[in-house]
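The structure is shown first.

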Amino acid sequence: IFAKHARNYIKNNKVDVFHWHNIYFDPDVARKVNGTTGMVFTNHSSQFLAAATQGDAERSHLFHTLNYAHQIIAPSEQLLESTFDLGYPRNRGSYIPNGVDTDQFSPNENVRQTTRRQLNIQPHETVILCARRIVEKCGIVYFAKALRRLQNVQNLVVLLTGFSGRLTWRDHEYESLVLEELEHLPSGIRVVKLGHVPSDDMPSYYRAADFCVLPSLVEATSIAGLESMASGVPLIGTNVGGIPA
């Protein structure tokens, strides 16, 4: 139905580009729209990176998902190279890194102090922010395990987002593993579970932090990492996907 509406809209309006970015649903529409206008696919999915390491059948499926695009955009070099490795022509791919609004995400000492007071964070405490969803690909359980290994630590506050309650059964199981690890942290570490944080509130939490952590196992590119750095907060991340770039 959506493909029919899209074809009619393209037919009745001046449309230069049909753009899609979901590798599992959008191609069904793109296939039926192909031939009516320019076709551009933005490949920004960690799901793609995971699938691209599977067997020949999955890789062939991915290629046929992509080959409707006249051009492909990727926000990390790893994503782009993975696209080319499937057989997509190099002259039809472009690396365009993500960006963030530096008016919204920027250092602000007044907001930093206000947010820390609201969270009951004392001046002598060090704050780590981990702004990730509590799902397996984000590696939160390994971050919790790493915190457990710290010795002689004092006055450390860990801010965790992502405990939203809106999870699949598999993610609920993973969240339970994370919570179990957090129950056994050294006494000098205090964890603040922020839950689901609206996007407009995130700049305050970045500014309140002393540094941010991205423990991702797979990461196409991380907006959270860019937001952290734009806020003037040092970033510690795993060496995967678009994080090193």
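In this predicted model, Asn110, Arg117 and Gln118 are exposed on one side of helix H6.

**The buried side of H6**
- Helix H6 spans residues 109–118, and within it Arg112, Thr115 and Arg116 are buried.
- These three lie on the same side of H6 because the arc they cover around the axis is only 100 degrees.
- An α-helix has 3.6 residues a turn, so residues three or four places apart point the same way.
- Strand S5 (126–130) and helix H9 (202–208) are the elements against which the buried residues of H6 pack.

**The ends of H6**
- At the start of the helix, the backbone nitrogen of Asn110 has a side-chain oxygen of Asn108 within 3.1 Å.
- After H6 comes Asn120, with a positive phi near 60 degrees.

**The whole chain**
- The chain contains 10 helices and nine strands.
- Its C-alpha atoms fill a box of roughly 60 × 40 × 35 Å along the principal axes.
- Buried residues make up 45% of the 245 in the chain.
- Among contacts with a separation of 6 or more, 64% join residues 24 or more positions apart.

**Surface and charge**

Technical notes
Residues are numbered from 1 along each chain as its sequence is written. This is a predicted model: local features need pLDDT of at least 70, side-chain atom pairs count only at pLDDT 80 or more; totals for chains, interfaces and linings use all residues. Side-chain values use heavy atoms; hydrogens and water are left out. Helices (H or I, at least four residues) and strands (E, at least two) are DSSP runs, numbered from the N terminus. Buried means under 20% relative accessible area, exposed over 50%, partly exposed in between (1.4 Å probe, protein chains only). Contact means heavy atoms within 4.5 Å. The arc is that of the directions from the helix axis to the C-beta atoms. A polar contact is a pair of N or O atoms within 3.5 Å; within protein, one must be able to donate a hydrogen and the other to accept it, and residues adjacent in sequence count only if both atoms are side-chain atoms.
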